[in-house]
2 protein chains.
Amino acid sequence: MNDFQFQNTTKVYFGKNQLSHLHKEVLKYGNKVLIAHGGNFIKNSSLYQNVIDELESNHIQVFELGAVEPNPRHTTVNKGVKICKENDIQTVLAIGGGSTIDCCKAIAATALSDSDNIWDLIEGKVSWKDALAVIAMPTIASTGSEMDKSCVIANVELGVKSGINGKAIRPKAAFLDPTNTFSVPPHQTACGGFDIMAHLFDMNYFVNADKYPLQFNVVETLLKTVRQKLPIAIKEPENYEARATMLWAASWALNSFCTSGFKTQASLHALEQFSSTLDLTHGLGLAILTPKWMKYLLDRDQSVANDFARFGVNVMGVEDGNDKVEVAYQAIDALQNFIKDELGLPVHLSELGIKNLPIEEMVEKATKGEKSLPRAYRQLTKEDCAHIYCMCL
Amino acid sequence: MNDFQFQNTTKVYFGKNQLSHLHKEVLKYGNKVLIAHGGNFIKNSSLYQNVIDELESNHIQVFELGAVEPNPRHTTVNKGVKICKENDIQTVLAIGGGSTIDCCKAIAATALSDSDNIWDLIEGKVSWKDALAVIAMPTIASTGSEMDKSCVIANVELGVKSGINGKAIRPKAAFLDPTNTFSVPPHQTACGGFDIMAHLFDMNYFVNADKYPLQFNVVETLLKTVRQKLPIAIKEPENYEARATMLWAASWALNSFCTSGFKTQASLHALEQFSSTLDLTHGLGLAILTPKWMKYLLDRDQSVANDFARFGVNVMGVEDGNDKVEVAYQAIDALQNFIKDELGLPVHLSELGIKNLPIEEMVEKATKGEKSLPRAYRQLTKEDCAHIYCMCL
């Protein structure tokens, strides 16, 4: 069993009536804050107005960076850096999804570095250690960026997504209000929810290391809980319990408790190159991929049968049986049916009118130019990756 | 559903090969450390010598406070305070169980206060906010004090146990090495393990508030995991996986994730006055109490049947059935048999030769002079408490 280190310092304010604590958190670092968000949808919301009121009534000066993209661009990060450097801003507040939070982390680190360009930090040309304070206010249950210490930024010119990682960019505080996710439409709710499940599959559940029973059982419980509550959040968007469960699950899927002791290379997140290549939503890409990846592995090598059968029985409610291979296939079917029927998502790219894929390019990105994914749950060669992509069409 | 706030900043070093990080953690605060421990058993251990070597080879000056009692006394705390104040010590390192860690927390707060007496802080005569750095090195899986921000101290003159609570005394770092618990004898392993279960029962599982499904399911999973691994840790004291599971479970039962959103008054920990009155081990007191408390509640009021039946089925492996009251009684039997047969603990005080109890005194302590425990899972009057104590004989 691997030794591990665990620390997560983010202060979480969870619930409906926590916004009045925001100014205290901001004033720990100074009286100027940059708010980043995705655009008019947030800007016209009562949440945004409430945040502004809370800050301004406490004499905090607010700056703004709008139009942060899904898959935030390094040029947008650099705009934020400029505002922070020119105005001596101490805190960056993200209102939005994982993309907005990631953008703020990137701004926070670059603003205290010797460069005005996040890409210099990503490429290691400029070193960084400290960062402005980041505060996260997620409006969708998905990436878990609000308690995590990494971010992913897109460089459209180079056609590359990459990021930085360090404890200085872990949000100092996160305001998790389930009512802020009530307006997320069913499709986005489903994609965000599957992203949570994929974090759990990839980094904690289908792993090749010795498992710590405690973490492993908790991960399975999180998966089961998400499997139960996600369809409710889709059908009843204002169901507080379902939204609260999804929002808290997103944080816990990625806050490094679940991964503690595991060192498996993520298969699904490596394979998920649909978002960067086809501009598909990340969670949708993962939902299309996951059952295909499982079926490919099981067809190839029945050593995965016990793990997949356990998943079927304990998470998907499949009936157990002596023939674990049979139960494992039923588990994959159950997952695919869940994605189609309960999440309302397509299970093949053809349903989206996509009939061809730049497979070679995607395989190169998935394997990062190496020959394979050697430390994944099951090793995947380039040919394996290509085969799985074909199954997704 | 209640709003809640959650933050736990302790840095955990988990595993066999983490001790070399100790000097880094100490040197963050200064180069003088007070080591507190329970006595010769620790002092003669290789762990103690390894700690001294690690510190002294990094030019850290070591002071020592031995003979910290189980249920640590305020006079012992005050001895530690004196050493810290006289020598300008910046860090207090606990090597031992929850009592030693609690003692260090109390020393840490008092040493930076205007008093030389912890009891002044406990009684609120002297205010405190800051504390010396606390580092915890638990040698038994039990209280979870290593990630928690409170401590309990005994004043033998007054016959009272009480404590302080604040984030400054939460350990900055905790070194959790399962091999440090290999030498814990079966009886202490069982008592410590039941203490973990009782934390989960009391503060998170049998609760009267709206439950957050995520936390509640995780608590149930922790209970089930402890129920599986504790008997192994008892039978195979050097089983790394079982010891690791117990040690990490102890931390998680009390690190405030599980309690987030719950506000129930603890019944079992209020009733557990055997340790203060009879000098019984706290975990043993809880093990004797828990099934009696459950039976008393179920006899009195069948509204608890569904909760107890769920516990029986999901944690204890009792077969489910339509008659939830029947299943609930089976759950209590299963728990009592588990305590007797798998943990090897007595289930009645008479087995320990105890035939009488100072019931009136215990009831007063349990209810802290109030008429009842009004916000517990089920309200307990003084008569209820007395009845439950009689059932324990």
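The contact between chain A and chain B takes 40 residues from chain A and 40 residues from chain B, where contact means heavy atoms within 4.5 Å. This is a predicted model, in which local features need pLDDT of at least 70 and side-chain atom pairs count only at pLDDT 80 or more, while totals for chains, interfaces and linings use all residues. Residues are numbered from 1 along each chain as its sequence is written, chains are lettered from A and ligands numbered from 1 in the order in which they are written, and side-chain values use heavy atoms, with hydrogens and water left out.

About 3,400 Å² is buried between chain A and chain B, and carbon and sulfur atoms give 61% of that area. Buried area is the accessible area (1.4 Å probe) that two parts lose on being put together, summed over both. In chain A, the residues losing the most area to chain B are A:D3, A:Q5 and A:L214, which together give 18% of what that side buries.

Salt bridges form the next topic. Over all chains, the structure holds 30 salt bridges. One of them joins A:K82 to A:E86, with the closest N and O atoms 3.1 Å apart. These two residues, A:K82 and A:E86, are separated by about one helical turn because they lie four residues apart in helix α4 (residues 74-87) of chain A.

Helices are DSSP runs (H or I, at least four residues), numbered from the N terminus. Axes are lines fitted to C-alpha atoms over the stretch in contact, and angles run from 0 to 180 degrees between N-to-C directions.

| Helix pair | Angle | Axis distance |
|---|---|---|
| α8(A) (residues 213-235) and α9(A) (residues 240-254) | about 140° | 9 Å |
| α15(B) (residues 359-366) and α16(B) (residues 382-392) | roughly 125° | within 9 Å |
| α12(B) (residues 282-300) and α13(B) (residues 305-316) | roughly 140° | within 10 Å |

Angles under 35 degrees count as roughly parallel, over 145 as roughly antiparallel, 65 to 115 as roughly perpendicular and the rest as oblique. Helices α8(A) and α9(A) are therefore oblique to each other. Their contact includes A:L222 and A:V226 in α8(A), and A:M246 and A:W252 in α9(A). By class, the contact of α8(A) with α9(A) has nine nonpolar, two polar and three charged residues.

Helices α15(B) and α16(B) are likewise oblique to each other. Among the residues making their contact are B:M362 and B:V363 of α15(B) and B:Y389 of α16(B). This contact of α15(B) with α16(B) has eight nonpolar, no polar and two charged residues.

Helices α12(B) and α13(B) are also oblique. Here B:M294, B:L297 and B:L298 in α12(B) meet B:A305, B:F308 and B:F311 in α13(B). The contact of α12(B) with α13(B) comprises six nonpolar, no polar and no charged residues, where Ala, Val, Leu, Ile, Met, Phe, Trp, Tyr, Cys and Pro count as nonpolar, Asp, Glu, Lys and Arg as charged, and the others, Gly among them, as polar.

Terms used
A salt bridge is a side-chain nitrogen of Lys or Arg within 4 Å of a carboxyl oxygen of Asp or Glu.
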